Amino acid sequence: MELAVETRALGKRYGRSWALRDCALEVPAGRIAALVGPNGAGKTTLLHLAVGLLRPDAGEVRVFGRDPRDGPSVLADIGFVAQDTPVYRDFTAAELITMGGKLNRRRWDAALARDRLAALGIPPDKPAGKLSGGQRAQVALALALAKRPRLLLLDEPIASLDPLARREFMQALMGAVAESETTVLLSSHLLADLERSCDYLIVLQASRVQLTGAVDELVDAHRTLVGPRAGSESITGVAEVVRASHTERQSTLLVRRDPAVPIDPLWTEHEVTLEDLVLAHLAAAEPRVTAAAWGVPA
Ligand SMILES: Nc1ncnc2c1ncn2[C@@H]1O[C@H](COP(=O)(O)OP(=O)(O)OP(=O)(O)O)[C@@H](O)[C@H]1O
C-alpha cells in the first residue's frame with residue numbers, strides 16, 4: 001500500500017509547549033482523509049509540517065516517502081490551501097491562474113482551473129477580494145488543483161462557507177480528485193459535512209492522535225448500545241466502552257465491539273455515525289487532557 005503521508009514520532013514545539021507530539025499516522029494514497037480535532041489540537045501544525053513550512057522538533061514526516069523539505073521536486077507534488085483560503089485579493093481569478101502558471105512551470109493545468117471556475121459561474125475579471133467567501137474558496141481550490149498535485153492539503157477550507165456552499169465545495173472536491181487520483185488531507189470542525197465525502201479519519205486532540213483509520217472500518221467497529229443501567233461489569237461482545245451516559249434505569253454506551261463475539265442480546269445495538277464516533281472519542285479523552293493541562297490527577 002502506497003502511503004501519501006506518513007509520520008513517525010513527529011513533534012513540533014513552540015517554546016516549551018508541544019503543538020504536536022509523538023504523532024504516528026499514515027494516510028494511504030488515493031484517500032480523502034479528514035483531520036479533525038478541537039481548536040488548538042495541532043491540525044494546522046501537522047499540515048504545515050507536511051508541506052515543509054515547519055521543521056519538526058522530533059521525529060519525521062514523509063510525503064510519498066520523501067521529506068517535504070527536500071526541495072522543489074517534492075513540493076511540486078503537493079497542493080496546499082492554507083486556512084481562510086488566502087489569495088491575492090487585488091488580482092482577478094484569470095490573473096491568479098496566469099500567475100500560478102509562472103510559479104509552477106513544470107506542471108500547470110490552466111485550462112482545468114478556467115473550466116472549473118467557468119462551470120461555477122465565477123467571473124474571471126473581478127478582483128478576488130470582491131468575490132464572496134465561497135467563490136474565493138473555489139478559486140483557491142481551482143488554483144491548487146491546476147497544479148495537478150498528488151497530495152492536496154486543505155486547512156479548514158469550508159469553515160467560512162454557508163451550508164449550501166459547503167456541500168458544493170465538497171462535491172466539487174470529490175469530483176475533481178476522483179478524476180485525478182489525488183490524495184486529500186483536509187482539516188475541519190464540520191463533522192457532518194465530512195461524513196459524506198471522507199473515507200479516512202484522523203482525530204487529533206491536545207497535540208496527540210486519538211483515533212485514526214478507514215472511516216468504514218471505524219464505523220463498523222463501533223456500536224451504540226442501549227440497555228438496562230450498566231455498572232462496571234464487562235459486556236459480552238464489547239472490547240471497550242468509549243463513552244457512557246446513564247439515566248436512572250437505562251444506559252447508553254458507545255462501544256468498540258469485539259468482532260469475534262456477538263454483543264449480549266440484552267442490549268439494543270445501533271450503528272454509529274462518524275460524528276457520534278469522533279465526539280465520543282474526544283469526550284472520553286477530554287477529562288484526562290484537561291486534568292493534565294492543570295497538573296491534577298484525572
Ligand atoms: N506560532 C505559534 N506560536 C506559539 N504557539 C503556537 C503557534 N502556532 C500554534 N501554536 C500553538 O500550537 C497548538 C496547536 O495549534 P494549531 O494551530 O496547530 O491547532 P489547530 O488544531 O489547527 O487549531 P484550530 O482548529 O483552532 O485552527 C496550540 O496550542 C497553539 O496555541
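A: Helices α4 and α5 are roughly antiparallel to each other, where angles over 145 degrees count as roughly antiparallel, under 35 as roughly parallel, 65 to 115 as roughly perpendicular and the rest as oblique. The model is predicted: local features need pLDDT of at least 70, side-chain atom pairs count only at pLDDT 80 or more, and totals for chains, interfaces and linings use all residues. Residues are numbered from 1 along each chain as its sequence is written.

Helix α4 covers residues 110-119 and helix α5 residues 133-146, and they pack at about 155 degrees with axes 8 Å apart. Helices (H or I, at least four residues) and strands (E, at least two) are DSSP runs numbered from the N terminus. Axes are lines fitted to C-alpha atoms, for helices over the stretch in contact, and angles between N-to-C directions run from 0 to 180 degrees. From α4, Ala110, Leu112, Ala113, Arg116 and Leu117 take part, and from α5, Gln138, Val139, Ala142, Leu143, Leu145 and Ala146. Contact here requires C-beta atoms, placed from the backbone, within 7 Å. This contact has 9 nonpolar, 1 polar and 1 charged residues. Ala, Val, Leu, Ile, Met, Phe, Trp, Tyr, Cys and Pro count as nonpolar, Asp, Glu, Lys and Arg as charged, and the others, Gly among them, as polar.

Helix α3 (residues 93-103) packs on α4 at about 160 degrees, with the axes 10 Å apart. That makes α3 roughly antiparallel to α4, and their crossing is right-handed. Ala93, Ile97 and Gly101 of α3 meet Ala110, Ala113, Arg114 and Leu117 of α4. Here the classes are 5 nonpolar, 1 polar and 1 charged.

Between α3 and α5 the angle is about 25 degrees and the axes lie 10 Å apart. These two helices are therefore roughly parallel, and α3 passes α5 in a right-handed crossing. In this contact Ala93, Leu96, Ile97 and Gly100 of α3 meet Val139, Leu143 and Ala146 of α5. The contact of α3 with α5 has 6 nonpolar residues, 1 polar and no charged.

As for the setting, an unreviewed UniProt entry places the feature "domain: ABC transporter" at residues 5-231; positions are in the numbering used here, feature names are shortened, and annotations may be inferred rather than shown by experiment. This span is 34% helix and 30% strand, and its end C-alpha atoms lie 42 Å apart.

Note on methods:
Two residues are in contact if their C-beta atoms, placed from the backbone, lie within 7 Å. A crossing is left-handed if the near helix is turned anticlockwise from the far one by less than a right angle, and right-handed if clockwise.
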